[in-house]
Amino acid sequence: MAELELLVALNMIPYLGPVRIRGLLNCFNTYSDFMNATRERLLSVPEVTPKICDIILEFRKKVNPFDEIERIKKLGAKIITIEDEEYPRLLAEIYDPPVVLYVLGEASVLNMESIAIVGTRKPTSYGQKIAEQIAGELAEFNINVVSGMARGIDSFAHKGALKAGGPTTAVLGCGIDVVYPLENHELMKKIVKKGCVITSFPANSKPLPSNFPARNRIISGMTRGTLVVEAAEKSGALITADFALEQGRDVFAVPGSVFSPYSRGTHKLIKQGAKLVECANDILEELNLRKNDSAEIKEPDLTLEESEVLDMIDYTPVNIEFIVQKTNKPPGEINAVITRLQLKNMITLLPGGYVMKI
Amino acid sequence: MRAAIKNQDFDFPIKRITLNLAPADIKKEGPHFDFPIALGILAATEQVPASALEGYAIVGELSLDGRVRPINGILPMAIEVKQKALKGIVVPLENAEEAAVIKGIEVIGVKSLKEAVEYFKGEFKPDDIASKVQDAFSLDFEGDFSEVKGQEVIKRALEIAAAGHHNLIMVGPPGSGKTMIAKRIPTILPSMTFEESLELTKIYSIAGLLAGKSSLIKTRPFRAPHHSITPVGLVGGGRIPRPGEVSLAHHGVLFLDELPEFSKEILELLREPLEEGKITISRMNATVTYPASFMLVAAMNPCPCGYFQDPFHECSCPPHKVHSYLSKISGPLLDRIDMQVGVLPVAFSDLEKVNSTDSATIRNRVELARKLQLMRYKGQNIFYNSQLTPAMVNKYCKLGKAEKLLMKEAFEKLKLSARAHNKILKVARTIADLDQSENIKEIHLAEALQFRNLDKYFQYLKV
Ligand SMILES: Nc1ncnc2c1ncn2[C@@H]1O[C@H](COP(=O)(O)OP(=O)(O)OP(=O)(O)O)[C@@H](O)[C@H]1O
Ligand SMILES: [Mg+2]
């Protein structure tokens, strides 16, 4: 059992990843032992190269784990270590788990059944809708929805879970006291109330692009599976999916339109064997979690005119002009029908003037 | 002036001449004083009978050889002559027809100082100008809506805007036809009343834009200044204050293409005319007010690359660029725009087969809706639905039970902003007027709820 101060200190030294830290922990148990270790002793650790040794010698005096622990306490957050009960069990199983996690909020959700939802930062309204919907369904099954609190799909996944009253966990690529992106300030507060925000980065760390792979590893690592909702051909979400596969977890993908650039990444995953997902049930079934086949579909009552228009609308965006031309009706009438179908929750209107079924 | 008088074989007095330009507290500007001054000198020296000049206004610029040259702004002067109940106005021949638009005053067109003198001596009979006055003329416009294939949804939106004089903004990707559509708006605007024509023609007269045309302008103007326009070009100004684009668009359309490309300074200047229907230009020692009541039509892409939130194209703009692009037009300007429509490219395989309504059909419906409004708002100092004050909205846009319910549901489900409330009601009022309906019905309101498309983009910005 290593001392908390030692774990925190090691985690604060740059260039020390989880694997090197594990090597050091094989040789050191206490903070003072580590601080007093000579160069020779440090070099005797197999994972420590001369270069890394120089970095350790330089930084071990600069970092102050006592201050850090004090600071975290003041923030109302806490630090859990890989040896704690509260540490996510699934995460502990991966090859390179972080030795400490900073947690703001309810740490108990970390060991609930968890599913990750990730995707593009610039989703279409279809992507937003489906991310929110599936997250909500998962939350209703009491599954913790894990994501990265980035713009786009991440945010919608958290929101969907919260709307359904469920738990959700945001994994940050920055310090626990840094809000990024800034506009998610409110969202972060809500997540902390219902679930938790976690990170492996010390307080005050900036959201550097180089932090995101480590963050994504945690997202896939602490969950049973990762669902990708909309990802362009080269997207960070695909990297998370790769990690999930490396870690032996499942990958799921939501299909989209063949014409949409934001579906190229997800379709690629499906071609490679990711399970195609239309609703939360598809995930639950795969993971033998719980099944629910009594999904009833309510038929709302539509006027003749409304059903005629609805028949021309599909799950891919269609220009209202197209409907006007095909029905040969005055555009004013069609617009009025569109409003009614929107209010009956049958379709959604996209920016620009496309409509689409929901 | 000495040269002009001598060259016309008159004597220039070898005396001291005192000239009294009353009232003294107004700065006199413009070249149109030298012709009347010359006639005054000739009257004072009894080369022309002074009594004959009484009751006539005289305007014109004198060249060195004594010929009378045309000037700008004749029409407002002729109107003044009529209002002051003077006998008539002596004007440069080239300006005579413009002055003769005003009936009931004598218009004497002369080529030279000599002709004017001869007229007052009873030796010269001017042409009968009144019979020459042409029918009202039209400003030149491009095209017809039948050339815009499909786009019935957008044409309907413009029909509503034209009928209720609603400001409108079009948002859409590059090449979707926004500019092409906007250029054809004048072809569906209703005809002007005589008073409107007169007001507009006065502005063009002052701006010197009548270009030999000699009668009232009968069509509503369409002005499309480029985004590089200067403040003076937009609102008017200069030593002799010239009306700017906002006034030249009076009673017609001011079209701002690529709206976010205009500078903040320029967009800010639109606020006064949009609110007041006029523009006040301050100069060193005076202010001039010109009418500037126009319908604003704007076009824009949703982001610098044009494909933000487009389901079929990847947008190459970083989120903060989209943000700063869109935020340029948010706030006060957007608050004055009743209708927001999305414009998508028409992608029909056979463009020849699509239905494309022509301008005349639309204009007929617009005229009828305008008449209803003119009747309804008689004596209330407003003319169109877009001008309804909040109190008037309560009075003229009453909703029935079913409509109230629809409105409530729409606000809850469609995430409409509170600011949109009255705009939707005003637009619904116009849709009802196009339907010749006394009351706003559910179908009118349901249609009016579709013109909030730019707000949709703003909603996506927040995430
Ligand atoms: N509905 C249509 N019918 C006929 N021609 C069209 C139509 N829509 C577009 N076009 C053609 O496409 C050209 C480009 O349209 P336009 O310049 O009006 O697009 P825009 O929306 O203003 O684009 P941008 O955002 O790049 O300014 C037009 O000049 C016209 O030739
Ligand atoms: Mg254009």
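Guide: The largest cavity

The largest cavity is lined by 18 residues, of which A:Ile320, A:Gly353, B:Val153, B:Ile154 and B:Gly342 lie nearest its centre. Two or more lining residues come from each of α16 (320–327) of chain A and α7 (152–164) and β14 (339–342) of chain B; helices (H or I, at least four residues) and strands (E, at least two) are DSSP runs, numbered from the N terminus. A cavity is a set of points, on a 1 Å grid over the protein atoms alone, where a 1.4 Å probe fits but cannot get out, and lining residues have an atom within 4 Å of a point.

This is a predicted model, in which local features need pLDDT of at least 70 and side-chain atom pairs count only at pLDDT 80 or more, while totals for chains, interfaces and linings use all residues. Residues are numbered from 1 along each chain as its sequence is written, chains are lettered from A and ligands numbered from 1 in the order in which they are written, and side-chain values use heavy atoms, without hydrogens and water.

The largest cavity holds about 170 Å³ of space, a volume being the space filled by probe spheres set on grid points joined across faces, edges and corners. Its lining divides into eight nonpolar, nine polar and one charged residue; Ala, Val, Leu, Ile, Met, Phe, Trp, Tyr, Cys and Pro count as nonpolar, Asp, Glu, Lys and Arg as charged, and the others, Gly among them, as polar.

The structure holds four cavities of 30 Å³ or more.

Key. 1 Å grid on protein atoms, 1.4 Å probe; cavity = no way out; pocket = protein on both sides within 12 Å on 5 of 7 lines; lining within 4 Å.
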